[in-house]
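Look at the chain first, then read on.

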Amino acid sequence: MVDKKTLSERDICTKFISPALEKAGWDKMNQYLEEVSFTDGKIYVRGRMTARGEQKRADYILYYKPNIPIAIIEAKDNHHTVGAGMQQALNYARILDIPCVFSSNGDGFLFHDRTGTGNNLETEVALDSFPTPGMLWEKYKKYKGIVATEAERIIAQEYHFDGSDRKPRYYQQIAINRTVEAIAKGQRRILLVMATGTGKTYTAFQTIHRLWKSGAKKRILFLADRNVLIDQARRGDFKYFKDKMTVVKHRQVDKSYEIYLSLYQGLSGSDDDANIYKQFSPDFFDLIVVDECHRGSSKGDSAWREILRYYQNATHIGLTATPKETKNTSNIEYFGEPVYIYSLKQGIDDGFLAPYRVIRVGLDIDLEGWRPPKGFKDKNGKFVEDRVYNRTDFDTNLVVEERRRVVGRKVSEFLRGYDCFAKTIVFCFDIEHAEAMTSVLRNENADLAAANYKYVMQITGDNDEGKRELDNFINPEEKYPVIATTSELMTTGVDAQTCKIIVLDSEIKSMTKFKQIIGRGTRINEEYDKLYFTILDFRNVTDLFADKDFDGDPIRIKAVSENADLSSIIEEEEIDSTPIIDDVSGEEVEVREPSIRYPINEINSTAKEPRQKVFVNGVDVSVLVSREMYFDNNGMPITISLKDYTKKIIQDQFVSLDDFLTRWNSSRRKEVIIEELQKYGILVDALYDAVGRQVDLFDLICHIVYDKPPLTRKERANNVKKRNYFAKYGKLTKKILEALLDKYADEGLENIESLDVLKVKPLTEYGSPLEIIKEFGGKADYLKAITDLENELYKSA
């Protein structure tokens, strides 16, 4: 008889849980997976260093068919109760949209029925009585409201597998399943909201393929408004439709295909002859998928909406990252409430999308305004209207050439301090502005532009040469162009995987447009070290991050003046050695520094008529104010002082200074408390900037919250030495502890608590980590010596 108490969690799974599943009829090869990681792990950013957090991982996921999950099991070792894993399992089940939830310690199972159709919400199940696949499939159908046999046949249709390891991510799986289920139940208007970069086209393909293969939908139209979206679909995921698919072009109609890809513009026009969609009967298509549906089709009176009305008997699926809701346009009014939403914040938290840093640059004439002196003339010798011009005027009505040069200088300065070949998109007000900034940036980077004129390229709707470089810009393997100046052309529909810098020098008020622009940087490409991106904001556009309609919380927002050296910003942040704590595991994650590597297909665009602008020069553009903005854990701006904000967080956790000191002094590892404080939302970087980086977090808290004078790390270390604390140790152990104390003084508390410190100089001079630990009598005695040293450091607190 095996003593379960001696077994690990993995042993419990292997010896008891898996056999119980197989006895109940679950196919090990096709119907259950073990240790399923369903996220990639959040990316944390510190200066130019990045770290992956822990992945979310389920012990077991059970499938009726591949990609149709119906149950989840959380396992624990036998020292836990049978239901000890239930809370975590329920959280994962909520995320994964799974109705049947189990917890087990090897003695049996606790079953939680999220369908709510049984007599009890939770029941215990014997180890040899686990439900069969058919039993849980019935639960799943009730959970999803599937009653009819035909509906069951449709939702059971298998996914397309291309023979590779590629499979849907969990959120794509949910989006596909919910869409197919809604259609199987008769829903005819469906909206999917998925952040830019999360694979809407792949989701659309799998949805269409399942409905097509099941026979539920026989002729399907995929609609988009830009060639790049059609081309990406045709050459990418949709290629598996092979000879069943065609692209409608040159206004030619061939009714022999089953899958049609088309531009709105390719089907409609200003007269009946151009409206070739009418050459198909209204009932020809039984499914229409509308990509980027927040654009033309969202307007009720648009010509594009007329196409959808013509095919009103078909099922319509709308895909968008940014559903549009205004007085005149509404996606939700047409498609209904989304069947699934996967937001930018979720994508960043899961590690599927890149997080961002935000650097704000404030120029005096932007923040204060500029009034021309009496009799001031423009470059054409005409008098400039006497009034105060502000940020909304610059580059729209009034062009201040010195302002453009300052912007160009700041962008170039940042690139020189970061990576001169980091792919960069500069968003300008209009084509004239983009063209002018191209020249400014070439002058600011004369050496690089002289080596290759494509270092800076204007990519706008009227510039054919620039548009031809679009593919090269988004191709990770192409070094040039490096900097792309644009206005509207690159705001959406562009898969710029390696874009590392987004420059905002245009007044952007639309949340939809802002989200689309931010989406140009959110894709991850680890091969080319693209794990985060930086936003340089010259127009305070990033105020929109504070809007309740925006769901992504920035890594950091830093405001700088015209005189600040952007090339040093990243280097300054690298000095901070405070550990990064993973949201999932609560553990410190290891950071790594990327190597320097070299960051959208044809798009139909019509250039607007240029507006009349007044051009002036000889204007002094300089700094007005330099300040830093900070955001709380929810991504909202902190409107009170940093001191008051920190006080509130600490006082919510600790009743008094004595309470804080008791908790600090009683903790064996001080790093644990530091991790907790960071999770509460303490802005460590900001506090270091305010007080000084030579103190540790303990002194920062005591000073800012409890008005205690801070001691530097060196002062604390010297106090220990003055008390002759090391006299009780042997000669070698004394030298080791003195070296560790010096490490604390130089680098902080976290380093001496890690055994890795024994692998670096000067500790390596005293032997290997194993030899050093043996010198103390073993690991437990070594760790006790470290704890005693820490207590001595804070003895006078």
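Q: Which residues of helix H2 (residues 86–96) are buried?
A: Helices (H or I, at least four residues) and strands (E, at least two) are DSSP runs, numbered from the N terminus. Buried means under 20% relative accessible area, exposed over 50%, and partly exposed in between, with a 1.4 Å probe and protein chains only. By that rule the buried residues of H2 are Met86, Ala89, Tyr92, Ala93, Ile95 and Leu96.

Q: How is the model to be read?
A: This is a predicted model: local features need pLDDT of at least 70, side-chain atom pairs count only at pLDDT 80 or more, and totals for chains, interfaces and linings use all residues. Residues are numbered from 1 along each chain as its sequence is written, and side-chain values use heavy atoms, with hydrogens and water left out.

Q: Which helix is included in what covers the buried residues of H2?
A: Contact means heavy atoms within 4.5 Å. The cover includes strands S4 (57–65), S5 (68–75), S6 (100–104), S7 (108–113) and S8 (122–126). It also includes a helix, H5 (170–184).

Q: Which residue just after H2 takes a positive phi?
A: Look just past the end of H2. Phi there is about 60°, and the residue is Asp97.

Q: How many helices and strands does the protein chain have, and what share of its residues is buried?
A: The secondary structure comes to 29 helices and 26 strands. The chain has 797 residues. The buried share is 56%.

Q: Why is helix H6 described as largely enclosed by the rest of the structure?
A: H6 covers residues 200–214 and reaches 21 Å from its first C-alpha to its last. That is close to the 21 Å expected at 1.5 Å a residue, where the expected span is 1.5 Å times one less than the number of residues. H6 is largely enclosed because its buried residues number 13 of the 15.

Q: How are H21 and H24 oriented to each other?
A: Two packed helices are described by the angle between their axes and the distance between the axes. Axes are lines fitted to C-alpha atoms, for helices over the stretch in contact, and angles run from 0 to 180 degrees between N-to-C directions. H21 (residues 657–666) and H24 (residues 697–706) pack at about 170°, with axes 12 Å apart. Angles under 35 degrees count as roughly parallel, 65 to 115 as roughly perpendicular, over 145 as roughly antiparallel and the rest as oblique, so the pair is roughly antiparallel.

Q: Which residues make this contact, and how do they divide?
A: H21 brings Leu657, Phe660, Leu661 and Trp664. H24 brings Phe698, Ile701, Cys702 and Tyr706. Ala, Val, Leu, Ile, Met, Phe, Trp, Tyr, Cys and Pro count as nonpolar, Asp, Glu, Lys and Arg as charged, and the others, Gly among them, as polar. The division is no charged, no polar and 8 nonpolar.

Q: Is Glu507 buried or exposed?
A: Glu507 lies in the loop between strand S21 (499–504) and helix H18 (511–518). Not counting residues up to four places away in sequence, Glu507 touches Arg391, Thr392 and Arg539. Its relative accessible area is 18%, so Glu507 is buried.

Q: Is Lys242 buried or exposed?
A: Lys242 sits in the loop between helix H7 (227–235) and strand S11 (245–247). Its phi is near 50°, a positive value in a residue other than glycine. With a relative accessible area of 62%, Lys242 is exposed.

Q: Is Asp395 buried or exposed?
A: Asp395 is in the loop between helix H12 (364–367) and strand S17 (398–400). Its phi is positive, about 75°, although Asp395 is not a glycine. Its relative accessibility is 1%, so Asp395 counts as buried.

Q: Which residue does a cis peptide bond join to Pro481?
A: Pro481 has its place in the loop between helix H17 (470–474) and strand S20 (483–486). Omega of the cis bond is about -5°, and the partner is Tyr480.
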